[in-house]
Amino acid sequence: MKTIEISQKLRKQLEKELKPDRFDHTLGVAYTAASMAFVHGADVEKALIAGFLHDCAKCMSHEEQIKICEKHNIEISDVERRNHSLLHAKVGMYLARTKYDVYDTDILNAIRWHTTGREDMSLLEKIVYIADFIEPNRKLLEDMGEIRQEAFTDIDKCLAHILHNSVIYLKTIGKEVDEATTIAYEYYKDKYKK
């Protein structure tokens, strides 16, 4: 099956499976990711597929996500056990492969890292991470206009900007910062300065 057929099939399937607000967000991420892929020379269909599937596990309970990880030997950090919003990325990567038959490593990694980021991300990973943050349905956060412009003009600057804001926000509200996010933040902060 061609990737364009896969993305169209996924859209229809996810519309049936996701709650309306989650599906709206999913469409926003998929189409924002595709637009960014056009601009930055990435594979548009891969961006669509990763965008459609990035939150495919988000509607599962935290307990269900933990059970899937434990059953399939997917490592869970202490921070992920305590924070429901983090584990869906790993479970989503697993579901993309086992339920939706996606085997492309770059797509799977884009799903895996869309929440925390990581150091030295691939172009597709950066695109999905950023698209998840800037898609049109997102609440307007501080600097959102500037961040949305950077997404299409300077992707590494945009990534560093989002990571900085995320780390500061999480610390301000007293939430734990995942180790991968901290490492990504330091990596892109240093990289962008260079």
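Let me begin with the largest pocket, to whose lining helix 2, helix 6 (84-98), helix 8 (123-134) and helix 10 each supply at least two residues. Helices here are DSSP runs of H or I with at least four residues, numbered from the N terminus. Before I go on, please note that this is a predicted model, in which local features need pLDDT of at least 70 and side-chain atom pairs count only at pLDDT 80 or more, while totals for chains, interfaces and linings use all residues. Residues are numbered from 1 along each chain as its sequence is written, and side-chain values use heavy atoms, with hydrogens and water left out.

The volume of the largest pocket is about 1200 Å³. Its lining comprises 34 residues, of which Phe 133, Leu 141, Ser 166, Tyr 169 and Leu 170 are the closest to the centre. A word on method. The search runs on a 1 Å grid over the protein atoms alone; a pocket is an open set of points with protein on both sides within 12 Å along at least five of seven lines, a cavity is a set of points where a 1.4 Å probe fits but cannot get out, and lining residues have an atom within 4 Å of a point. Grid points are joined across faces, edges and corners, and a volume is the space filled by probe spheres set on the points.

Which helix gives the most to this lining? Helix 10 does, with six residues. Helix 10 covers residues 155-172, 18 residues in total, and spans 25 Å from its first C-alpha to its last, close to the 26 Å expected at 1.5 Å a residue. That expected span is 1.5 Å times one less than the number of residues. Among the buried residues of helix 10 are Ile 155, Asp 156, Cys 158, His 161, Asn 165 and Ser 166. Buried means under 20% relative accessible area, exposed over 50%, and partly exposed in between, with a 1.4 Å probe and protein chains only. Just after helix 10 comes Gly 174, which has a positive phi of about 75°.

The structure holds one cavity of 30 Å³ or more, and the largest cavity contains about 30 Å³ of space. Glu 80, Leu 86, Ala 89, Arg 112, Thr 115 and Thr 116 line the largest cavity. Arg 112 also lies over the face of Trp 113, at 3.8 Å from the ring centre. A charge sits over a ring if NZ of Lys or CZ of Arg is within 6 Å of the ring centre and within 35 degrees of the ring normal.

Asn 73, in the loop between helix 4 (62-71) and helix 5 (78-82), has a positive phi of about 55° although it is not a glycine. Asn 73 is exposed, at 72% relative accessible area. Asp 120, in the loop between helix 7 (105-112) and helix 8, likewise has a positive phi, near 55°, and is not a glycine.

How many aromatic pairs does a search of the whole structure find? It finds two. In the pair of Tyr 31 and Phe 52, the ring centres are 6.0 Å apart and the planes stand at 80°, so the pair is edge-to-face. Rings of Phe, Tyr and Trp (its six-membered ring) pair if their centres lie within 6.5 Å; planes under 30 degrees apart count as stacked, over 60 as edge-to-face and the rest as tilted. Because Tyr 31 lies in helix 2 (residues 20-40) and Phe 52 in helix 3 (residues 44-53), the pair ties together parts that are 21 residues apart in sequence. Tyr 31 is partly exposed at 40% relative accessibility, whereas Phe 52 is buried at 3%. Tyr 187 and Tyr 188 form an edge-to-face pair, 4.8 Å centre to centre with 80° between the planes. Here Tyr 187 is partly exposed at 26% and Tyr 188 is buried at 1%.

Helix 3 also holds Leu 48, which is buried at 11% relative accessible area. The C-alpha atoms of Leu 48 and Ile 6 are 9.5 Å apart, although 42 residues separate them along the chain.

Finally, the cysteines. A search of the whole structure finds zero disulfides, a disulfide being a pair of cysteine sulfur atoms within 2.5 Å. Cys 56 is in no disulfide, and the nearest cysteine sulfur, that of Cys 59, is 9.9 Å away. Cys 56 is buried at 10% relative accessibility, and Cys 69 is buried at 0%.
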